[in-house]
Amino acid sequence: MTTILYARVSTAEQTIGHQRTQAEAAGFHIDEVVADDGVSGVTTRLAERHQGRRLFDMLRRGDVLVVRWVDRLGRNYEDVTDTIREFMRRGVVVRTVINGMVFDGATTDPVQMAVRDSLIAFMSATAQAQVEATKDAQRAGIAHAKANEGEKYRGRKPSFTADTLAQVRDMLGQGANPSTISKATGLSRQTVYRIKDNPAEAEASLATWAA
């Protein structure tokens, strides 16, 4: 049995090493890392990514595929659910770093199968909704930055990166409380609360300092 971490890196602040560190901190023993760099998960299906195609070739029955969250496996609800079910049909166990979800095709009990499939659908829908919310916040942040680009004062430099902001929003979307998120990200609880209360302002702050 081989445990493979699949990482998708789409921004300058994200790193493969960071995602591996998160996985190992969650208790996973990673044998190999497969990563796509500079690939948008919003527009590109896993099977169309260079290393994503490699995953389909290398995973075998009994292997464990670890991902930060289910959104790593597709661009939308349908894509994510189809991908997870395809891996399960092949006998691959899919596990997530966030919330420790396990998707295993080995069960034959109809009730357990129904619960599992409902969970896949719910998590995939949540992931797509989070992507849409993030895009809306990013648009609002960019608009805010452009409207104020003539101002010399940019406010306090944010203590978070785009990657950390995405992690906070992922965990908030899964119901984690600010204290848990603070410990996981290293941010203060006050910062987590500010992101929770006004995600558009957080995006605007990043956009302003990136300008």
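Let me start with a pair of residues: glutamate 24 and arginine 20 sit four residues apart in helix H1, which is about one turn of the helix. Helices here are DSSP runs of H or I with at least four residues, strands are runs of E with at least two, and both are numbered from the N terminus.

A word on the source: this is a predicted model, where local features need pLDDT of at least 70, side-chain atom pairs count only at pLDDT 80 or more, and totals for chains, interfaces and linings use all residues. Residues are numbered from 1 along each chain as its sequence is written, and side-chain values use heavy atoms, with hydrogens and water left out.

Back to the pair. Glutamate 24 and arginine 20 form a salt bridge, with 3.0 Å between the closest N and O atoms. The term means a side-chain nitrogen of Lys or Arg within 4 Å of a carboxyl oxygen of Asp or Glu. Glutamate 24 is partly exposed at 38% relative accessible area, and arginine 20 is partly exposed at 29%. For these words, buried is under 20% relative accessible area, exposed is over 50%, and partly exposed is in between, using a 1.4 Å probe and protein chains only.

Now the rest of H1, which covers residues 16–25. Which residues of this helix are buried? They are Gln19, Gln22 and Ala23. Viewed down the axis of H1, the buried residues fall within an arc of 100°, so they line one face of the helix. That arc is taken from the directions from the helix axis to the C-beta atoms. Their cover includes strand E1 (3–9), strand E3 (64–67) and helix H5 (162–173), where contact means heavy atoms within 4.5 Å. Just after H1, glycine 27 has a positive phi of about 105°.

How many salt bridges are there by this rule? The count is nine. One of them joins arginine 45 to glutamate 48, at 3.7 Å from N to O. Arginine 45 is partly exposed at 30%, as is glutamate 48 at 44%.

Another salt bridge pairs aspartate 170 with arginine 68, at 2.7 Å from N to O. This pair links distant parts of the chain, 102 residues apart: aspartate 170 is in helix H5, and arginine 68 is in the loop between E3 and helix H3 (77–89). Aspartate 170 is buried, at 7%, and arginine 68 is buried too, at 6%. Finally, salt bridges with shared partners join Arg45, Glu48 and Asp79 into one network.
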